[in-house]
Structure formats: C-alpha cells, structure tokens
2 protein chains.
Amino acid sequence: MSRTDRDMVLGVFFNYTGHHVASWLHPEACADAGVNWAHFKEISQAAERGKFHFIFFADWLAVRLASEAALSRSSQYTAHFEPLTLLGAIAAVTERIGLICTATTSYNEPYHVARKFASLDFISGGRAGWNVVTSANPAEAWNFGKEKHYVREDRYDRAREFVEVVKGLWDSWDDDAFVRDRESGIYFDPGKVHTLDHKGKHFSVRGPLNVPRAPQGHPVIVQAGASEFGKDFAAQTAEIVFVAPPDMKAAQGFYADLKGRMAQYGRSPDELKILPGLNVIVGETEAEADAKYDFLQSRIHPQVGKEILSTILGGVDLSSYDIDDPLPELPDSDEAQGGTRKFVVEMAKRENLTIKDLYLRLAGARGKRTIKGSVKRVADEMEEWFVEGACDGFITQPAYLPGSMDDFIDLVIPELQRRGLFQRDYRGATLRDNLGFKRPKSRWQEKTT
Amino acid sequence: MSRTDRDMVLGVFFNYTGHHVASWLHPEACADAGVNWAHFKEISQAAERGKFHFIFFADWLAVRLASEAALSRSSQYTAHFEPLTLLGAIAAVTERIGLICTATTSYNEPYHVARKFASLDFISGGRAGWNVVTSANPAEAWNFGKEKHYVREDRYDRAREFVEVVKGLWDSWDDDAFVRDRESGIYFDPGKVHTLDHKGKHFSVRGPLNVPRAPQGHPVIVQAGASEFGKDFAAQTAEIVFVAPPDMKAAQGFYADLKGRMAQYGRSPDELKILPGLNVIVGETEAEADAKYDFLQSRIHPQVGKEILSTILGGVDLSSYDIDDPLPELPDSDEAQGGTRKFVVEMAKRENLTIKDLYLRLAGARGKRTIKGSVKRVADEMEEWFVEGACDGFITQPAYLPGSMDDFIDLVIPELQRRGLFQRDYRGATLRDNLGFKRPKSRWQEKTT
Ligand SMILES: Cc1cc2nc3c(=O)[nH]c(=O)nc-3n(C[C@H](O)[C@H](O)[C@H](O)COP(=O)(O)O)c2cc1C
Ligand SMILES: Cc1cc2nc3c(=O)[nH]c(=O)nc-3n(C[C@H](O)[C@H](O)[C@H](O)COP(=O)(O)O)c2cc1C
C-alpha cells in the first residue's frame with residue numbers, strides 16, 4: 001500500500017502530568033495537572049493546533065493498587081479529574097479535535113453511558129468517542145459493592161451486551177424525529193421514536209434514551225483489550241483499537257490477526273483503525289533527545305521503578321531483591337500480560353540485565369516502547385510501521401506535558417506532513433469524518449429499507 | 001429582619017426551551033435548545049452578567065410518561081443534553097456563577113456521583129452543587145433493570161445512606177494531602193489519604209475516591225423533596241431547598257417547619273437557603289406583561305393543557321372530558337402532591353372554572369405560581385416574600401429562553417439591587433462563598449481536633 005492511500009491516524013493520550021513515571025518531577029511539567037483546568041485547556045488547544053485526530057483519556061474507578069512507598073511518589077492513577085466532565089469542558093474550548101474517553105462496562109449502567117457520550121457528541125458537534133473497557137484494576141469492584149472483580153469471560157460477556165444496549169439506546173430517535181414545527185405545533189414525530197425493550201442476561205433496559213440521535217449517529221467505539229476475548233470483542237465492535245506491542249513483528253501479527261477476525265462479523269478491515277501506543281522522545285539531534293531522556297530517567301526513584309517493573313511482570317513481588325540483583329526466576333504468566341512477561345524475562349537473560357537496568361528500560365513508559373532520537377529516526381520508524389502493515393497510526397503518549405507533546409508537534413508532525421503521511425488540516429466536521437468512517441444507520445432505518 | 005441583614009439568593013433554572021409548556025412555540029425561543037450548545041453558552045454567560053448565584057438543571061433518567069399526543073407537542077422532559085457533561089462545558093465558559101444539577105440516588109452509584117461533582121468542582125474552581133433527588137419519574141426504574149420504582153420510604157432510606165457515602169468519599173484526601181514536592185520526590189502524603197470502608201444497608205464502598213478533596217470541600221447539597229421524608233432529609237443534609245408553594249402563607253409554613261427541623265440535627269437555620277420556584281412575566285408596564293403572557297398562553301394546545309393539568313392533579317385521567325366541562329369530582333390525593341390537588345380542586349369550585357380555565361391558569365408554569373406585571377409589582381412581591389419569612393430567595397424559572405431571563409435581568413434585577421436586596425457583584429470565588437456558607441471541614445480533621 002502506498003503512503004497516500006490513507007492518512008496516518010494520530011491521537012494524543014493525556015495521562016495528567018505525562019506518561020513517564022517521573023513526569024511530574026520535570027521542572028517544566030504541570031505537577032498538579034490532575035486538577036488544573038487551565039492546563040487542560042492549554043494542552044487541548046495545542047493538540048488541536050497540531051491537528052491530532054483526537055485526545056484520549058483513560059479511566060479507573062479506584063486509586064491504583066500499589067505499595068504506599070511507590071504510590072505516594074506517583075502522580076498517575078491516584079486522584080484527578082473525571083474524564084466525562086473534563087471532556088465536556090474541553091469540548092467548549094476546542095472545535096475540531098476528537099474527544100475520547102474511557103468508561104467501563106463492569107461498573108456502569110448502559111443508560112448512563114449512552115446518555116453521557118451522546119450528550120458529549122452534541123456539545124462537541126460530533127467529536128465524541130467511547131473507549132470501552134472491562135476494568136483492568138480489580139480494586140474497582142470494592143467501590144461498587146462487589147467483593148471480587150468479574151473474571152475475564154464474564155467481563156467480556158457483560159461488555160458485549162452492554163455495548164449492544166448502548167447502541168440500541170443511541171438509535172432511540174430517528175435522525176429526523178425532531179421536526180420542531182411551529183406551524184403544526186408538533187415537536188417530534190411520535191412515529192420516529194423507538195422503545196428498545198431490551199431484556200438480556202445482564203441488563204433490562206426499556207428506553208427510549210432521553211437524548212436525540214447524536215451528530216455522529218453513534219460516537220466512535222474504541223477498545224483496548226489484548227486477550228482472545230478482547231480481540232474478538234474488538235473485531236466485532238471496535239472502530240479504534242489501542243495496542244501496546246513490544247516490537248514491529250508483534251504489531252504486524254496482532255494487526256493481521258485482528259483485521260482477519262472482522263470478516264466473520266460482516267465487517268471490512270477499513271472499518272477499524274489499529275493504533276499502538278507511541279512514546280517518543282525527540283530532539284533536533286540524537287544527542288538532544290538522549291539528554292532529554294536521561295534527565296527523566298535519572299528522576300525515577302528505585303521504589304517506583306521496582307514497583308512498576310513488578311506490575312509489568314504481572315504482579316511479581318520484587319520487594320526482597322536488591323535493585324542491583326538480576327531478575328529472579330519467574331513462572332510463566334497467563335495470557336493476561338499478552339506475552340509481556342515472557343518478552344521481558346527473555347530480554348533480561350539475553351542481555352544480562354539487573355532489576356535496575358530493567359526498570360530503567362521499562363518503567364519510564366510503563367512497559368511501552370519508547371522511540372528516542374532525531375526527527376528523522378522517529379519519522380522513519382513511524383513510517384515503517386505504518387507502511388509495513390503494523391498499524392493505521394499511533395496514539396502518542398507524551399512523556400511529560402506540555403513539553404513532550406510540544407516537541408512532537410513542532411518537530412515530528414511537520415516532517416510527517418512533508419512526507420504526505422499526516423493531515424495538514426482536519427478534513428471533516430466530526431471525528432467519524434476525520435477518521436474516514438461512515439455515519440452508522442439506525443437499526444430502525446436498516447429494518448425498513 | 002431588615003433587608004440588609006442578608007442577600008436574597010437568586011438562581012436560574014434552565015429548562016431547555018423554557019418553563020412555559022408552549023415556550024418552544026415562541027418565535028424568539030431557541031426551539032432546539034435541548035441540543036444546542038451555542039444557546040447554552042450564550043444564556044449561561046448572560047446569567048452570569050445578571051449576577052445570578054447559580055444555574056440549575058433538573059434531571060430525569062427516562063422520557064416523561066405522557067400521552068403521545070401531548071408529549072409530541074412538548075419540548076420538555078423528552079430528549080436533550082445530560083446535565084453533568086453540559087455543566088462541564090458551561091464551567092469552561094463562565095467564571096463566577098454556581099453550577100448545580102440533579103443526580104438521583106435511586107439509579108446511581110455513590111462513587112460515580114461523588115467523582116463527577118468533585119471533578120466539576122475542580123473544573124469550575126469551586127462552583128458545583130448537587131441536587132439530590134430520589135426520582136420523581138417512575139419510568140426511570142425500567143431503564144435500570146427494575147420493574148417498579150422504589151416506594152418513597154425506601155427511596156429516602158437509600159438517599160440518606162447515598163449522601164453519607166458521597167460525603168465520606170469527598171473527604172478521602174485531606175486538603176493538604178497533595179504536597180507535590182519535587183525536592184523529596186513525594187507526590188502525596190500517605191498519612192493524609194483515608195479509606196472509607198463503608199458497609200451499609202444499601203452500599204458497600206471502600207474508597208478512597210480518586211479525586212482530591214474539592215475546592216469547596218463538599219459541593220453544595222441541594223434538595224427538592226416536599227413530603228415528610230423529603231423535609232426531614234432536607235433538614236438533615238440540604239444547603240439549598242427548592243419548593244413550589246402555592247401561596248405566601250404556604251411558603252411561610254413550609255419555611256418555619258423546615259428551618260425548625262434543623263436543630264434536631266445540630267444545624268443552624270442559616271445553613272440552609274429555602275428557594276421557591278418563581279415564574280415571572282415582567283414588562284415595563286402591566287399591559288406589556290399581560291401581552292407577553294397572553295401570547296404564550298394562546299399557544300397552549302388543548303391536549304397539552306389537559307395532560308399537564310392531569311399531571312398536576314396527580315395522574316387523573318381527563319381524556320374523556322371536554323375542555324369546557326367543569327373539573328370532575330376527585331378523591332383526595334395522598335401526600336405526594338404536597339396539597340396541590342386539594343388547592344386546585346378548591347380553587348376550581350370557588351371560582352367555577354372549566355378544565356380549560358384551569359389549565360390556562362396552571363399549565364403554563366406546570367402548576368407553579370406565576371407573577372405577572374410591572375417591575376414594581378414583581379419586585380414588591382419578591383421583597384414581601386423575602387422579608388416576611390417565606391423564603392431566602394428564589395429560583396427563577398424563565399418562561400422561554402433567552403427572552404424571559406433577559407427581561408428579568410434587564411428589569412427586575414436592577415430594581416432589586418436598587419432596593420439593596422440583591423448583590424451587585426459576586427462576593428466570593430466559590431458558590432459556597434457566594435451563599436455565605438462555610439467550607440465544611442473533613443470528617444477526619446474533625447476527629448483529630
Ligand atoms: C492504550 C491503552 C489504554 C487503556 N486504558 C484503560 C483504561 O482507561 N481503563 C482500564 O480499565 N483499562 C485500560 N486499558 C486496559 C485494557 O482495557 C485491557 O483491560 C487490558 O489491555 C487487558 O486486556 P484484556 O482485558 O483483554 O485482558 C488500556 C490499555 C491500553 C493498551
Ligand atoms: C424545583 C424543583 C426541581 C426538581 N427537580 C427534580 C429533578 O430534576 N428530578 C427529579 O427526579 N425530581 C425533581 N423534583 C422532584 C422532587 O425531587 C421530589 O421528588 C418531589 O418534589 C416529590 O417530593 P417527595 O420526593 O418528597 O415525594 C424537583 C422538584 C422541584 C420543586
């Protein structure tokens with residue numbers, strides 16, 4: 001496929017102070033980003049000037065489970081804005097950029113989720129997207145009256161039904177239901193409202209939704225599950241999938257696998273964009289990039305490093321080891337880490353790495369790959385992944401904010417545009433338009449045509 | 001009490017196209033207000049220029065139950081923005097005005113509600129308020145997997161526990177928990193975070209909340225229940241109470257009753273503002289006000305009028321009666337209508353009113369009182385209620401938007417200011433400051449002092 005057949009999709013993942021575990025220690029980072037609205041207004045408008053397709057927020061319904069010593073040194077996954085209220089605010093101060101956030105299907109009700117994303121879609125003029133997760137943090141259960149998190153199979157079973165109900169609710173009103181005709185005094189056509197009457201295994205929801213059909217018909221559906229369940233679910237429903245592959249080969253395998261699963265659900269591969277997370281440290285020169293990277297790395301506290309490494313390994317307890325020890329022998333992990341533990345253990349053996357070597361390599365970006373170097377190096381690697389069938393674009397994960405995103409906008413984006421890989425301006429009004437997706441027809445329209 | 005002891009509190013209740021049932025038929029109303037963000041930006045900024053203490057949104061988790069013929073002619077209680085996402089957006093385009101919306105305790109989880117209002121409080125710099133309701137629309141149950149709405153006693157029992165949990169979650173982090181000290185590398189002080197560990201009849205919630213303690217400590221608690229349960233709940237927890245008394249005498253009775261109940265909960269009467277709904281049609285002259293009123297009244301469709309009258313009477317079926325018939329004999333209603341049915345039936349008998357006479361009198365403002373007339377008449381009546389112990393201010397309910405609010409801002413507010421009854425500017429930064437309320441201490445602080 002030649003470069004010009006399609007655009008690279010680029011999103012930016014706002015992880016409060018940034019994605020690097022030591023981000024908040026950078027003197028130019030916004031340390032109180034989690035509750036600083038002025039900061040979010042500024043970086044959202046900057047992202048829009050950079051022509052990113054969308055802004056993304058993760059979400060968790062609990063404080064992260066971690067040792068007190070490590071957690072109290074972290075700005076991430078503790079306490080900060082709730083993303084739907086925050087995206088409402090961001091919608092008011094931006095015009096073109098897509099607005100995606102996470103809501104779990106495990107500790108929510110479909111009526112609330114359908115309403116809030118439809119509402120955000122109206123406020124933003126068609127820019128909303130919903131990242132469907134089943135909750136990665138088991139502590140969420142305890143905040144919702146449950147003693148234990150659902151096992152994966154049940155989570156995805158519930159998620160599938162949840163998404164079906166939400167989509168059904170989004171179709172409650174036909175696009176042209178609200179005539180608002182002062183002449184006849186008719187506000188809406190009662191033949192164009194539909195009661196869902198869903199009665200399923202997990203949910204009973206009558207409807208109709210008390211929000212009209214959204215500008216995009218359905219807000220864009222995003223997903224990030226990596227297990228077999230996660231991939232099937234994505235093949236069936238997702239329009240954007242986030243992934244965190246360890247290298248290009250793994251990314252190509254995932255890409256082919258997932259796109260290959262779509263046909264069985266009657267979908268074409270174009271209807272889904274696969275976007276790996278991308279951590280970039282870029283400089284005008286290699287040396288400049290190295291210096292930026294080393295500065296952040298030098299700020300990682302040993303306890304934080306060890307704790308993140310243990311999380312990346314799937315919850316291994318490393319507290320009794322010295323950071324200069326080699327990685328201890330570990331049993332094989334289950335599928336949950338998506339091959340990450342195996343990859344890390346093999347790397348450590350191959351290169352004879354200590355615990356500290358490992359966490360320095362992995363902790364900064366929480367186990368996700370980092371590309372570091374000159375503009376050319378970064379753009380080359382992005383281009384290679386894109387043209388070699390490893391992805392449809394990336395979700396960039398700035399190390400600290402605003403600095404790392406500014407670097408990307410100032411240095412990398414112009415180079416991608418010069419190469420004809422990335423849009424010079426937004427092409428349409430809605431997120432769907434900008435992703436090249438069709439506006440979904442209502443299920444009621446499909447039935448009558 | 002002299003006028004100058006305290007300020008009249010004034011809020012504005014944004015009911016989409018407006019409060020009059022025919023509001024959307026007014027040629028200057030915004031007919032698609034329910035999904036028109038530009039409209040809300042404009043009227044919110046106008047309300048702030050008018051120095052209203054706050055904006056208020058009701059909320060319902062279902063389309064209103066009504067006959068198709070009446071509902072399809074109504075712009076209200078059908079389909080429109082979700083208020084928390086909308087207030088997020090409004091927070092971004094306003095600076096001083098309070099932002100209050102409704103969330104029911106019957107079909108929600110405390111963790112979600114605590115988070116969203118705390119987040120809104122941060123986005124707005126301390127301007128959030130939560131209107132706690134137990135759901136007036138029984139159809140909500142069907143959208144949340146229940147066949148029947150909770151009976152009132154259970155609703156309030158759940159509500160009491162819900163609010164306790166939310167307040168507990170709001171105190172999860174001490175005000176000074178987040179030190180964000182780059183020197184020591186400590187982001188928060190682990191001694192200043194508290195796990196709620198609530199285990200009650202309706203909820204088990206561990207905490208801590210993943211939002212820091214809000215600028216106001218606790219967003220302002222608002223309530224609108226009128227039953228005995230509702231009043232006790234308000235006496236115990238509310239800081240603002242909305243009421244819809246039929247006349248000044250009833251308002252005085254309610255005011256004395258509710259303020260009198262506060263002592264048993266260790267609260268002083270100053271800690272609660274009682275605000276009746278206020279429908280105003282004002283003109284430079286009486287004739288101008290009459291003309292405005294008659295225009296809207298002339299737009300009420302008989303089916304809409306009958307249906308609203310039947311709702312005001314507590315669900316009486318009037319479909320078999322002609323609009324020129326007198327009101328049929330009705331059995332006494334239960335406490336639910338707060339005496340409204342009795343009041344209406346007596347008025348109809350006394351004045352020999354037909355169904356049409358009655359709905360014209362009541363339907364426009366959905367059974368709530370309307371003051372119509374010159375600036376002097378309106379200001380006099382407001383002043384009388386305020387100084388005679390009937391209220392602490394009002395929640396104004398513009399008949400149509402933006403017109404009726406503009407009239408109130410241009411004509412009534414300057415007169416109230418001239419009389420020394422209403423603020424000429426905001427006095428503080430937060431909604432709490434502007435209402436003259438103290439910032440609540442954390443329950444953990446109280447324990448240690
Ligand atoms: C970029 C990215 C963002 C994610 N965001 C969230 C999130 O916000 N909340 C969450 O609970 N899980 C999040 N996850 C985790 C996934 O939803 C998923 O649970 C995890 O990848 C494990 O896959 P599985 O659910 O198929 O086992 C994210 C994963 C990735 C790669
Ligand atoms: C000004 C005002 C606003 C109200 N807003 C709502 C609302 O948004 N949602 C709701 O379910 N009920 C709302 N109500 C209804 C009350 O919450 C309450 O259910 C009703 O007054 C009956 O009282 P009770 O619950 O004590 O029986 C409102 C009432 C008033 C007077």
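**Ligands and chain contact**

Modeller: An oxygen atom of ligand 1 lies 3.1 Å from a polar backbone atom of Ala226(A); a polar contact is a pair of N or O atoms within 3.5 Å. The protein covers 88% of the 610 Å² of accessible area that ligand 1 has on its own, with areas taken from the Shrake-Rupley method with a 1.4 Å probe.

Colleague: Before we go on, what kind of model is this?

Modeller: This is a predicted model, in which local features need pLDDT of at least 70, side-chain atom pairs count only at pLDDT 80 or more, and totals for chains, interfaces and linings use all residues. Residues are numbered from 1 along each chain as its sequence is written, chains are lettered from A and ligands numbered from 1 in the order in which they are written, and side-chain values use heavy atoms, leaving out hydrogens and water.

Colleague: What pLDDT does chain A average?

Modeller: Chain A averages 94, and 96% of its residues score at least 70; pLDDT is the predictor's confidence in each residue, from 0 to 100. For the complex, the predictor gives an ipTM of 0.95 and a pTM of 0.96.

Colleague: Back to ligand 1: which residues come nearest?

Modeller: Of the 17 residues around ligand 1, the nearest are Asp59(A), Ala136(A), Arg152(A), Tyr156(A) and Ser227(A); a residue counts as near if one of its heavy atoms lies within 4 Å. A polar backbone atom of Asp59(A) is 2.7 Å from an oxygen atom of the ligand, and for a backbone N or O atom of Ala136(A) the distance is 2.9 Å.

Colleague: Which element gives the largest share of that shell?

Modeller: H5(A) does, with three residues. Helices (H or I, at least four residues) and strands (E, at least two) are DSSP runs, numbered from the N terminus.

Colleague: And ligand 2, which side chains have an N or O atom by its oxygen atoms?

Modeller: Among them are Arg152(B), at 2.7 Å, and Ser227(B), at 2.5 Å. The protein covers 87% of the 610 Å² of accessible area that ligand 2 has on its own.

Notes
A polar contact is a pair of N or O atoms within 3.5 Å; within protein, one must be able to donate a hydrogen and the other to accept it, and residues adjacent in sequence count only if both atoms are side-chain atoms.
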